[in-house]
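Come along while I look a few things up.

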Amino acid sequence: MGHPVLVAAELKGLLEPGQLAGLDVTWIAAHQATPKGEYVAIVPLLSRWVGGTELKHLPKLKVVANCAVGHDNVDVVAAELRGITVTNTPDVLTDATADLTWALILACARRLVEGVDLIRNGTWTGWHPEQLLGLELRGKTLGLFGAGRIGQAVGRRAVPFGMRVLYAARSPRLQFERETGAARVAFGRLLSESDVLSLHVPSVPETKGIINADTLRQLKPGAILINTARGDLVREEALAVALEEGRLGAAGLDVYLDEPAIHPRLRAAPRAVLLPHVGSATREARTEMAAIAVANVQAVLRGDPPLTPVFR
């Protein structure tokens with residue numbers, strides 16, 4: 001009999017039997033409550049909360065191996081107090097999420113969803129010189145709020161488009177600046193100078209709701225807002241109002257405050273490109289994420305250091 005572990009059922013198709021060797025797996029679907037028992041590891045998705053109550057009901061737990069780059073769903077303080085290791089899956093989804101960010105930038109700038117709707121609805125009447133005029137990116141400014149792995153990857157992709165890159169971050173990213181010509185600026189200047197503002201910060205008390213009615217008014221008229229980071233960075237109703245009033249050029253979102261629910265006003269807002277949290281949804285990225293999560297479990301249960309601990 002192997003080590004008893006809990007693994008998100010949604011990962012079953014991404015894992016090979018050999019990766020689960022020595023583990024007695026109980027698969028738990030997203031809609032199921034976290035079971036009680038003498039499980040020594042859990043591999044949850046970002047949607048599963050693992051807090052004090054769950055940890056209390058899992059007295060033998062040694063590792064929470066989050067299958068995500070984030071760890072907002074884990075009470076890491078409670079875990080540390082109990083000596084439970086918390087791991088994540090960094091790096092592997094950087095390119096996938098950066099590519100998806102650029103898909104949203106281009107879809108917003110060139111009004112792709114509106115164009116698709118014209119065709120699907122049978123309302124296209126032919127070419128017109130002023131039809132669906134969008135934003136040409138060359139010479140425009142891309143603002144990055146946050147310049148971690150994904151933010152920098154998005155910024156590097158801006159160079160071939162001929163965009164100027166600004167970023168706001170706690171510390172300078174000198175190598176990134178050398179590679180892209182990016183300049184680090186204060187948050188207020190980032191808002192006022194960005195033609196495209198892309199969010200790449202974690203959800204912490206000082207960033208929750210940072211895109212709100214006030215900060216949206218500080219953006220350039222016609223600016224584009226992109227969020228592939230965390231849903232609670234954006235006040236969804238305020239964003240919808242800015243779109244309705246025409247102050248914002250467009251918004252491209254892949255994450256939301258209360259997924260899968262989206263504020264109905266935002267769902268109906270004009271020039272909103274809304275995706276169902278698919279930032280890392282490539283076969284390569286998701287397979288590697290699952291593999292790393294389980295490899296962290298195997299390492300901890302062998303008595304080895306985890307591969308990718310949240311805190312070292």
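Which residues does Leu-142 touch, not counting residues up to four places away in sequence? I found Trp-102, Ile-105, Val-154, Gly-155, Ala-158, Met-163, Arg-164, Val-165, Leu-166, Ser-194, Val-196 and Ser-198, where contact means heavy atoms within 4.5 Å.

A note on the source: this is a predicted model, in which local features need pLDDT of at least 70 and side-chain atom pairs count only at pLDDT 80 or more, while totals for chains, interfaces and linings use all residues. Residues are numbered from 1 along each chain as its sequence is written, and side-chain values use heavy atoms, with hydrogens and water left out.

Next I looked up the salt bridges (a side-chain nitrogen of Lys or Arg within 4 Å of a carboxyl oxygen of Asp or Glu). I counted 15 by this rule. Glu-237 pairs with Arg-265, their closest N and O atoms being 3.2 Å apart. Glu-237 sits in helix H9 and Arg-265 in helix H10, so this bridge ties together parts 28 residues apart in sequence; helices here are DSSP runs of H or I, at least four residues, numbered from the N terminus.

Arg-265 also bridges to Glu-244, with 2.9 Å between the closest N and O atoms. That pair links helix H10 to helix H9 across 21 residues.

Then I checked accessibility (buried is under 20% relative accessible area, exposed over 50%, partly exposed in between, with a 1.4 Å probe and protein chains only). Arg-265 is partly exposed at 33%, and so is Glu-244 at 37%.

Last entry: Asp-95, Asp-99 and Arg-157 are linked in a salt-bridge network.

Key: Helix = DSSP H or I, 4+ residues; strand = E, 2+ residues; numbered from the N terminus.
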